[in-house]
Amino acid sequence: MKKWSEEAASAALAKEAAYSDYDHLKISQKKDSMKYNPWIEAMRLRTLPVSAAGVLAGCAVALSYDNFYWLPALICLAFALIAQIVSNFANEYFDFKNGLDKKGRQGFRRGVTEGDIKPETMKKVMILLMAADCILGCTLIRWGGLWLIPVGILIVLAAFAYSAGPYPLSHHGLGDEAVIIFYGIVPVMFTSYIQCGDWTGGSMAGILGEMWKMALIVSLGVGLLGANVLNVNNIRDYKDDSKVGKRTKVVIFGPKIMKLVYVLFTYCGLGLIWFGMHEALNPWGWSGYVAIAIWFVPIILALYKFSDYHLNKVLRYTAILLLSAIIWTIIDVLLNTRFLHSLLASL
């Protein structure tokens, strides 16, 4: 009888502790959700280094050809960041409207789904922000010419086509390709073009080859690393996406294969950035990319070890290391002896 009483008391205590832990978790989650303004959370600031990296990589290419202008560079950067924010707003709005986002799902808090932001308010802000971005983008015509207009229209359509329209790209396993094109190829290539004024690179083409070739190789590397950010996002959301029929590549091929793709894209991406830029770098320029490759090892291990919301940190550091690779590239180009001699000669 005494033994039975002790067991019952232990069970009651364990149950009370479980409820206490659950309540603590709910309170903790509530506090976490209140740390950020819902609009700031909807911007998904953790992913913005991806769009910044594409523009900065284009600037690195232009610097290699002794071309750089602050104003168009800043406009390109602002345009890219705003376009990604609009795309993030559109993703949140249209996934809610299509019933793909449910309350309490993994990942970042969805303001519209959770009731923090009214759907119509999100729609209005999204449209106004895109209109402002279009006006900003038109100022680049001064440096790039009128043919940038169709490029801008394509970017606007892509921002919405990712989550909306008759065939949303992110719902049919085409999100990765969209990232490679619109966060890799487009920003790197066109930022380089706007800075250089043509696709050849001027007089430096005789030393480094035509500019568009360097830009294309680098853009593919940036695109692959950018796609990894989306890959981690989709691995984290695998269960939720499977339930609602959202066919990301992770849903189609499974998390195991896409984790291998993450490793492949990581090292191929870094290799392409180095290969594309190596003629413009110092002889020891490869060391920075090796260091970043080593920093990716614990991130890869975390990707294989954790799941669900625990992958938010993997996503964040994937974006940060992409940006770090581009910042290293810019620093190395600036420290290149040839560039310094050219800069001093112009003073």
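A crossing of two helices is called right-handed if the near helix is turned clockwise from the far one by less than a right angle, and left-handed if the near helix is turned anticlockwise. With that term in hand, one can turn to this model, which is predicted.

**Overall make-up**

The protein chain contains 17 helices and zero strands. Of its 347 residues, 47% are buried. Among the contacts in the protein chain with a separation of 6 or more, 79% are between residues 24 or more positions apart.

Two packed helices are described by the angle between their axes and the distance between the axes.

| Helix pair | Axis distance | Angle | Crossing |
|---|---|---|---|
| α6 (residues 119-138) and α8 (residues 148-161) | within 11 Å | roughly 160° | right-handed |
| α4 (residues 70-97) and α9 (residues 175-196) | 10 Å | about 160° | right-handed |
| α14 (residues 255-277) and α16 | within 11 Å | roughly 15° | right-handed |

Helices α6 and α8 cross at roughly 160°. Because an angle over 145 degrees counts as roughly antiparallel, α6 is roughly antiparallel to α8.

Helices α4 and α9 pack at an angle of about 160°, and that makes α4 roughly antiparallel to α9. On the α4 side the contact is made by Pro72, Ala73, Cys76, Gln84 and Ser87, while α9 contributes Tyr183, Thr191, Ile194 and Gln195. Sorted by class, the contact of α4 with α9 has five nonpolar and four polar residues, and no charged ones.

For α14 and α16, the axes cross at roughly 15°, and that makes α14 roughly parallel to α16. Here Tyr262, Leu270, Ile273 and Met277 in α14 meet Thr318, Ala325, Ile326, Thr329 and Val333 in α16; by class, the contact of α14 with α16 has seven nonpolar, two polar and no charged residues.

**Aromatic rings**

A pair of aromatic rings is described by the distance of the centres and the angle of the planes. The count in this model comes to nine aromatic pairs. In one of them, the ring centres of Trp147 and Phe190 lie 5.5 Å apart and the planes stand at 50°, so the pair is tilted. This pair links distant parts of the chain, since Trp147 sits in the loop between α7 (141-144) and α8, whereas Phe190 belongs to helix α9, 43 residues apart. Trp147 has a relative accessibility of 36% and therefore counts as partly exposed. Trp147 and Phe190, together with Tyr193 and Trp199, form one aromatic cluster.

Most residues other than glycine have a negative phi. Arg44 is found in the loop between α2 (38-43) and α3 (49-64), and with a relative accessible area of 10% Arg44 is buried. Asp308, although not a glycine, likewise has a positive phi, of about 55°, and its place is in the loop between α15 (286-305) and α16 (312-335).

Notes. Residues are numbered from 1 along each chain as its sequence is written. This is a predicted model: local features need pLDDT of at least 70, side-chain atom pairs count only at pLDDT 80 or more; totals for chains, interfaces and linings use all residues. Side-chain values use heavy atoms; hydrogens and water are left out. Axes are lines fitted to C-alpha atoms, for helices over the stretch in contact, and angles run from 0 to 180 degrees between N-to-C directions. Helices (H or I, at least four residues) and strands (E, at least two) are DSSP runs, numbered from the N terminus. Angles under 35 degrees count as roughly parallel, over 145 as roughly antiparallel, 65 to 115 as roughly perpendicular and the rest as oblique. Contact means heavy atoms within 4.5 Å. Ala, Val, Leu, Ile, Met, Phe, Trp, Tyr, Cys and Pro count as nonpolar, Asp, Glu, Lys and Arg as charged, and the others, Gly among them, as polar. Rings of Phe, Tyr and Trp (its six-membered ring) pair if their centres lie within 6.5 Å; planes under 30 degrees apart count as stacked, over 60 as edge-to-face and the rest as tilted. Buried means under 20% relative accessible area, exposed over 50%, partly exposed in between (1.4 Å probe, protein chains only).
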